[in-house]
Amino acid sequence: MPPDNGQYLFAAYTVAGVIYLGYALRLMLRARRASARR
Amino acid sequence: MTADPAQSVIRRGIVLTVLALIGVAVVMVMALKFTPVEANQGLAQKIFYVHVPTATVALWIAVPATGIASILYLWLHDPRLDRFAAASAEVAVVFCLVVLTTGPIWGKPIWGTWWTWDGRLTLTLFLFFLLLGYHALRGSVRDPLERGRFSAVLGIMGMALVPFIHLSVYLWRGLHPKPVILKPSAPSLPWEMLRTLLTGFGVFILLYVGFVTLRYGLQLAQDRKEEADAA
(Lines give C-alpha, C1' and ligand atoms only; values in the text may rest on other atoms or scores of the structure.)
Protein backbone atom coordinates (compact mmCIF):
# COMPACT_ATOMS: atom_id res chain seq x y z
CA MET A 1 0.00 0.00 0.00
CA PRO A 2 1.64 3.32 -1.08
CA PRO A 3 2.04 5.95 1.67
CA ASP A 4 -0.65 8.63 1.97
CA ASN A 5 1.26 11.83 1.12
CA GLY A 6 -0.93 13.53 -1.51
CA GLN A 7 -0.73 16.86 0.37
CA TYR A 8 2.93 17.20 -0.66
CA LEU A 9 2.03 16.65 -4.30
CA PHE A 10 -0.73 19.25 -4.03
CA ALA A 11 1.67 21.72 -2.35
CA ALA A 12 4.41 21.19 -4.97
CA TYR A 13 2.05 21.61 -7.95
CA THR A 14 0.49 24.69 -6.36
CA VAL A 15 3.89 26.30 -5.68
CA ALA A 16 5.16 25.53 -9.20
CA GLY A 17 1.90 26.81 -10.74
CA VAL A 18 1.99 30.03 -8.73
CA ILE A 19 5.65 30.72 -9.66
CA TYR A 20 5.18 30.06 -13.38
CA LEU A 21 1.84 31.84 -13.62
CA GLY A 22 3.09 34.75 -11.51
CA TYR A 23 6.13 35.24 -13.73
CA ALA A 24 4.03 34.96 -16.91
CA LEU A 25 1.56 37.57 -15.61
CA ARG A 26 4.42 39.88 -14.59
CA LEU A 27 5.89 39.71 -18.11
CA MET A 28 2.49 40.20 -19.73
CA LEU A 29 1.73 43.25 -17.58
CA ARG A 30 5.09 44.71 -18.58
CA ALA A 31 4.25 43.96 -22.22
CA ARG A 32 0.95 45.81 -21.84
CA ARG A 33 2.69 48.80 -20.30
CA ALA A 34 5.34 48.76 -23.06
CA SER A 35 2.66 48.68 -25.72
CA ALA A 36 0.73 51.55 -24.02
CA ARG A 37 3.94 53.66 -23.94
CA ARG A 38 4.43 53.46 -27.74
CA MET B 1 3.28 52.30 -41.02
CA THR B 2 6.04 49.74 -40.30
CA ALA B 3 5.50 47.02 -37.73
CA ASP B 4 7.48 47.44 -34.50
CA PRO B 5 9.83 44.41 -34.31
CA ALA B 6 9.79 44.47 -30.48
CA GLN B 7 5.99 44.25 -30.43
CA SER B 8 5.93 41.33 -32.85
CA VAL B 9 8.52 39.47 -30.69
CA ILE B 10 6.42 40.22 -27.59
CA ARG B 11 3.25 38.94 -29.29
CA ARG B 12 5.03 35.73 -30.32
CA GLY B 13 6.30 35.33 -26.76
CA ILE B 14 2.81 35.74 -25.30
CA VAL B 15 1.34 33.10 -27.65
CA LEU B 16 4.11 30.60 -26.85
CA THR B 17 3.85 31.28 -23.10
CA VAL B 18 0.07 30.81 -23.04
CA LEU B 19 0.37 27.56 -25.04
CA ALA B 20 3.10 26.32 -22.68
CA LEU B 21 1.09 27.18 -19.55
CA ILE B 22 -1.82 25.16 -20.95
CA GLY B 23 0.73 22.40 -21.56
CA VAL B 24 1.89 22.56 -17.92
CA ALA B 25 -1.73 22.05 -16.81
CA VAL B 26 -2.00 19.09 -19.23
CA VAL B 27 1.19 17.52 -17.79
CA MET B 28 -0.19 17.88 -14.26
CA VAL B 29 -3.48 16.21 -15.30
CA MET B 30 -1.56 13.43 -17.09
CA ALA B 31 0.54 12.88 -13.96
CA LEU B 32 -2.50 12.80 -11.69
CA LYS B 33 -4.91 10.78 -13.85
CA PHE B 34 -2.97 8.75 -16.39
CA THR B 35 0.25 7.81 -14.58
CA PRO B 36 0.47 5.01 -12.00
CA VAL B 37 1.16 5.69 -8.33
CA GLU B 38 4.67 4.56 -7.38
CA ALA B 39 4.44 1.81 -4.75
CA ASN B 40 7.14 3.03 -2.33
CA GLN B 41 6.82 6.83 -2.59
CA GLY B 42 3.06 7.18 -3.12
CA LEU B 43 1.52 10.30 -4.67
CA ALA B 44 4.50 12.49 -3.70
CA GLN B 45 6.53 10.74 -6.44
CA LYS B 46 4.38 12.58 -9.03
CA ILE B 47 6.24 15.79 -8.11
CA PHE B 48 8.88 14.19 -10.35
CA TYR B 49 6.92 15.18 -13.51
CA VAL B 50 7.34 18.89 -12.75
CA HIS B 51 10.60 18.85 -10.80
CA VAL B 52 12.73 16.81 -13.23
CA PRO B 53 11.78 18.55 -16.53
CA THR B 54 12.11 21.94 -14.83
CA ALA B 55 15.57 21.06 -13.49
CA THR B 56 16.62 19.60 -16.86
CA VAL B 57 15.55 22.71 -18.79
CA ALA B 58 17.19 25.01 -16.21
CA LEU B 59 20.50 23.12 -16.13
CA TRP B 60 20.79 21.85 -19.69
CA ILE B 61 19.12 24.63 -21.68
CA ALA B 62 18.64 27.92 -19.79
CA VAL B 63 22.02 28.16 -18.03
CA PRO B 64 24.12 26.80 -20.96
CA ALA B 65 22.25 29.10 -23.39
CA THR B 66 23.15 32.04 -21.12
CA GLY B 67 26.78 30.89 -21.01
CA ILE B 68 27.09 30.35 -24.78
CA ALA B 69 25.44 33.70 -25.56
CA SER B 70 27.81 35.32 -23.04
CA ILE B 71 30.89 33.79 -24.70
CA LEU B 72 29.64 34.92 -28.11
CA TYR B 73 28.90 38.39 -26.74
CA LEU B 74 32.45 38.77 -25.41
CA TRP B 75 33.70 37.79 -28.86
CA LEU B 76 31.26 39.60 -31.18
CA HIS B 77 29.94 42.45 -28.95
CA ASP B 78 26.49 42.06 -30.49
CA PRO B 79 23.86 43.60 -28.15
CA ARG B 80 21.33 40.94 -29.24
CA LEU B 81 23.50 38.28 -27.59
CA ASP B 82 23.65 40.25 -24.33
CA ARG B 83 19.88 40.75 -24.45
CA PHE B 84 19.33 37.03 -25.04
CA ALA B 85 21.76 36.05 -22.27
CA ALA B 86 19.97 38.35 -19.81
CA ALA B 87 16.55 36.98 -20.82
CA SER B 88 17.71 33.37 -20.53
CA ALA B 89 19.37 34.03 -17.15
CA GLU B 90 16.17 35.57 -15.77
CA VAL B 91 14.13 32.57 -16.91
CA ALA B 92 16.81 30.30 -15.38
CA VAL B 93 16.18 32.02 -12.02
CA VAL B 94 12.46 31.22 -12.28
CA PHE B 95 13.13 27.58 -13.22
CA CYS B 96 15.74 27.20 -10.45
CA LEU B 97 13.25 28.66 -7.97
CA VAL B 98 10.72 25.98 -8.96
CA VAL B 99 13.42 23.29 -8.63
CA LEU B 100 14.48 24.58 -5.21
CA THR B 101 10.91 24.68 -3.88
CA THR B 102 9.44 21.50 -5.38
CA GLY B 103 12.58 19.52 -4.44
CA PRO B 104 12.30 20.07 -0.67
CA ILE B 105 8.51 19.48 -0.81
CA TRP B 106 9.28 16.09 -2.40
CA GLY B 107 12.20 15.48 -0.05
CA LYS B 108 10.22 15.92 3.16
CA PRO B 109 7.96 12.83 2.83
CA ILE B 110 10.65 10.69 1.15
CA TRP B 111 13.89 11.66 2.94
CA GLY B 112 12.25 12.87 6.16
CA THR B 113 13.81 16.33 5.82
CA TRP B 114 13.13 19.47 3.78
CA TRP B 115 16.79 20.13 3.08
CA THR B 116 20.17 18.45 3.32
CA TRP B 117 23.57 19.87 2.36
CA ASP B 118 23.93 17.20 -0.31
CA GLY B 119 26.28 18.08 -3.22
CA ARG B 120 23.46 18.34 -5.79
CA LEU B 121 21.24 20.55 -3.63
CA THR B 122 24.06 22.78 -2.41
CA LEU B 123 25.47 23.39 -5.89
CA THR B 124 21.99 24.12 -7.30
CA LEU B 125 21.42 26.65 -4.51
CA PHE B 126 24.82 28.17 -5.29
CA LEU B 127 23.86 28.43 -8.98
CA PHE B 128 20.59 30.14 -7.97
CA PHE B 129 22.50 32.74 -5.94
CA LEU B 130 24.96 33.21 -8.79
CA LEU B 131 22.05 33.93 -11.15
CA LEU B 132 20.57 36.38 -8.65
CA GLY B 133 24.00 38.03 -8.51
CA TYR B 134 23.96 38.21 -12.32
CA HIS B 135 20.77 40.29 -12.20
CA ALA B 136 21.93 42.41 -9.27
CA LEU B 137 25.06 43.20 -11.29
CA ARG B 138 23.05 44.12 -14.37
CA GLY B 139 20.89 46.41 -12.30
CA SER B 140 23.86 48.19 -10.79
CA VAL B 141 25.99 48.92 -13.90
CA ARG B 142 24.67 51.75 -16.08
CA ASP B 143 27.06 51.54 -19.04
CA PRO B 144 25.63 48.91 -21.44
CA LEU B 145 29.05 47.74 -22.65
CA GLU B 146 30.42 47.25 -19.15
CA ARG B 147 27.14 45.69 -18.03
CA GLY B 148 27.28 43.20 -20.89
CA ARG B 149 30.94 42.35 -20.28
CA PHE B 150 30.70 41.90 -16.50
CA SER B 151 27.48 39.91 -16.59
CA ALA B 152 28.86 37.70 -19.40
CA VAL B 153 31.59 36.55 -16.99
CA LEU B 154 28.95 35.50 -14.45
CA GLY B 155 26.92 33.83 -17.20
CA ILE B 156 29.94 31.74 -18.19
CA MET B 157 30.62 30.85 -14.54
CA GLY B 158 27.01 29.62 -14.22
CA MET B 159 27.46 27.37 -17.25
CA ALA B 160 30.74 26.01 -15.83
CA LEU B 161 28.82 24.85 -12.73
CA VAL B 162 26.39 22.64 -14.69
CA PRO B 163 28.68 19.58 -15.20
CA PHE B 164 29.56 19.63 -11.49
CA ILE B 165 25.85 19.73 -10.57
CA HIS B 166 25.16 16.80 -12.93
CA LEU B 167 28.11 14.73 -11.69
CA SER B 168 27.62 15.66 -8.00
CA VAL B 169 25.47 12.56 -7.40
CA TYR B 170 28.37 10.39 -8.60
CA LEU B 171 31.18 12.40 -6.96
CA TRP B 172 29.74 12.71 -3.45
CA ARG B 173 27.55 10.39 -1.42
CA GLY B 174 24.22 12.12 -0.72
CA LEU B 175 20.46 11.69 -0.56
CA HIS B 176 19.66 12.96 -4.06
CA PRO B 177 18.97 10.05 -6.47
CA LYS B 178 21.03 9.47 -9.61
CA PRO B 179 19.54 10.42 -13.01
CA VAL B 180 16.90 8.10 -14.49
CA ILE B 181 17.02 9.63 -18.00
CA LEU B 182 20.34 11.41 -18.60
CA LYS B 183 22.59 8.43 -17.96
CA PRO B 184 24.72 6.10 -20.09
CA SER B 185 22.22 3.18 -20.06
CA ALA B 186 18.58 3.23 -21.23
CA PRO B 187 15.98 5.16 -19.15
CA SER B 188 14.78 3.01 -16.21
CA LEU B 189 11.12 4.03 -16.18
CA PRO B 190 7.95 2.19 -17.19
CA TRP B 191 6.37 3.55 -20.39
CA GLU B 192 3.37 5.20 -18.62
CA MET B 193 5.76 7.26 -16.49
CA LEU B 194 8.21 7.93 -19.32
CA ARG B 195 5.36 9.21 -21.55
CA THR B 196 4.31 11.83 -18.98
CA LEU B 197 7.91 12.78 -18.30
CA LEU B 198 8.71 13.23 -22.01
CA THR B 199 5.56 15.35 -22.44
CA GLY B 200 6.83 17.39 -19.50
CA PHE B 201 10.20 17.92 -21.21
CA GLY B 202 8.46 19.21 -24.35
CA VAL B 203 6.14 21.50 -22.41
CA PHE B 204 8.83 23.00 -20.18
CA ILE B 205 11.13 23.57 -23.17
CA LEU B 206 8.22 25.44 -24.81
CA LEU B 207 7.68 27.41 -21.60
CA TYR B 208 11.37 28.38 -21.57
CA VAL B 209 11.18 29.48 -25.23
CA GLY B 210 7.97 31.46 -24.54
CA PHE B 211 9.38 33.21 -21.49
CA VAL B 212 12.70 34.02 -23.18
CA THR B 213 10.98 35.34 -26.32
CA LEU B 214 8.70 37.55 -24.24
CA ARG B 215 11.52 38.77 -22.00
CA TYR B 216 13.75 39.42 -25.02
CA GLY B 217 10.98 41.41 -26.72
CA LEU B 218 10.46 43.53 -23.58
CA GLN B 219 14.19 44.29 -23.35
CA LEU B 220 14.27 45.13 -27.06
CA ALA B 221 11.33 47.54 -26.59
CA GLN B 222 13.08 49.17 -23.64
CA ASP B 223 16.42 49.49 -25.48
CA ARG B 224 14.71 51.08 -28.48
CA LYS B 225 12.89 53.53 -26.24
CA GLU B 226 16.15 54.50 -24.50
CA GLU B 227 17.83 54.96 -27.91
CA ALA B 228 14.94 57.15 -29.07
CA ASP B 229 15.06 59.21 -25.85
CA ALA B 230 18.83 59.68 -26.18
CA ALA B 231 18.60 60.77 -29.85
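Guide: The residue to start from is B:Pro64, which lies in helix H2 of chain B. The model is a predicted one, and what follows is computed from it.

B:Pro64 has 17 other C-beta atoms within 10 Å. A residue counts as buried at 20 or more such atoms and as exposed at 12 or fewer, so B:Pro64, with its 17, is partly exposed. Leaving aside residues up to four places away in sequence, B:Pro64 touches B:Met159 and B:Val162. B:Ala85 is 21 residues from B:Pro64 along the chain, and the C-alpha atoms of the two are separated by 9.6 Å.

Two packed helices are described by the angle between their axes and the distance between the axes. Helix H2 of chain B covers residues 48-76 and helix H5 of chain B covers residues 144-171; their axes come within 8 Å and cross at roughly 140°. Angles over 145 degrees would count as roughly antiparallel, so H2(B) and H5(B), crossing at roughly 140°, are oblique to each other. Their crossing is left-handed.

H2(B) also packs against helix H3 of chain B, residues 79-111, at an angle of about 155° and with the axes 8 Å apart. These two helices are therefore roughly antiparallel to each other. The crossing of H2(B) and H3(B) is left-handed. The residues of this contact divide into 22 nonpolar, seven polar and one charged.

Between H2 and H3 of chain B is a loop, and B:His77 is found there. The phi angle of B:His77 is near 55°, a positive value in a residue other than glycine. B:His77 has 12 other C-beta atoms within 10 Å and is therefore exposed.

H3(B) leads on to the other chain. The contact between the chains takes 33 residues from chain B and 25 residues from chain A. On the side of chain B that touches chain A, the elements that give two or more residues are helix H1 (5-33), H3 and helix H6 (191-230) of chain B. H3(B) supplies the largest share of that side, nine residues. By class, the chain B side has 22 nonpolar, five polar and six charged residues.

Chain B has six helices and zero strands, which read along the sequence as α-α-α-α-α-α. The C-alpha trace spans about 65 × 40 × 30 Å along its principal axes. A compact globule of 231 residues would have a radius of gyration near 17 Å, and the 19 Å of chain B agrees with that. Of the 231 residues in chain B, 41% are buried. Among contacts in chain B between residues at least 6 apart in sequence, 79% join residues at least 24 apart.

Notes
Residues are numbered from 1 along each chain as its sequence is written. Chains are lettered from A and ligands numbered from 1 in the order in which they are written. This is a predicted model: local features need pLDDT of at least 70, side-chain atom pairs count only at pLDDT 80 or more; totals for chains, interfaces and linings use all residues. Helices (H or I, at least four residues) and strands (E, at least two) are DSSP runs, numbered from the N terminus. The radius of gyration is taken over C-alpha atoms; the globule rule is 2.2 Å times the number of residues to the power 0.38. Two residues are in contact if their C-beta atoms, placed from the backbone, lie within 7 Å. Axes are lines fitted to C-alpha atoms, for helices over the stretch in contact, and angles run from 0 to 180 degrees between N-to-C directions. Angles under 35 degrees count as roughly parallel, over 145 as roughly antiparallel, 65 to 115 as roughly perpendicular and the rest as oblique. A crossing is left-handed if the near helix is turned anticlockwise from the far one by less than a right angle, and right-handed if clockwise. Ala, Val, Leu, Ile, Met, Phe, Trp, Tyr, Cys and Pro count as nonpolar, Asp, Glu, Lys and Arg as charged, and the others, Gly among them, as polar.
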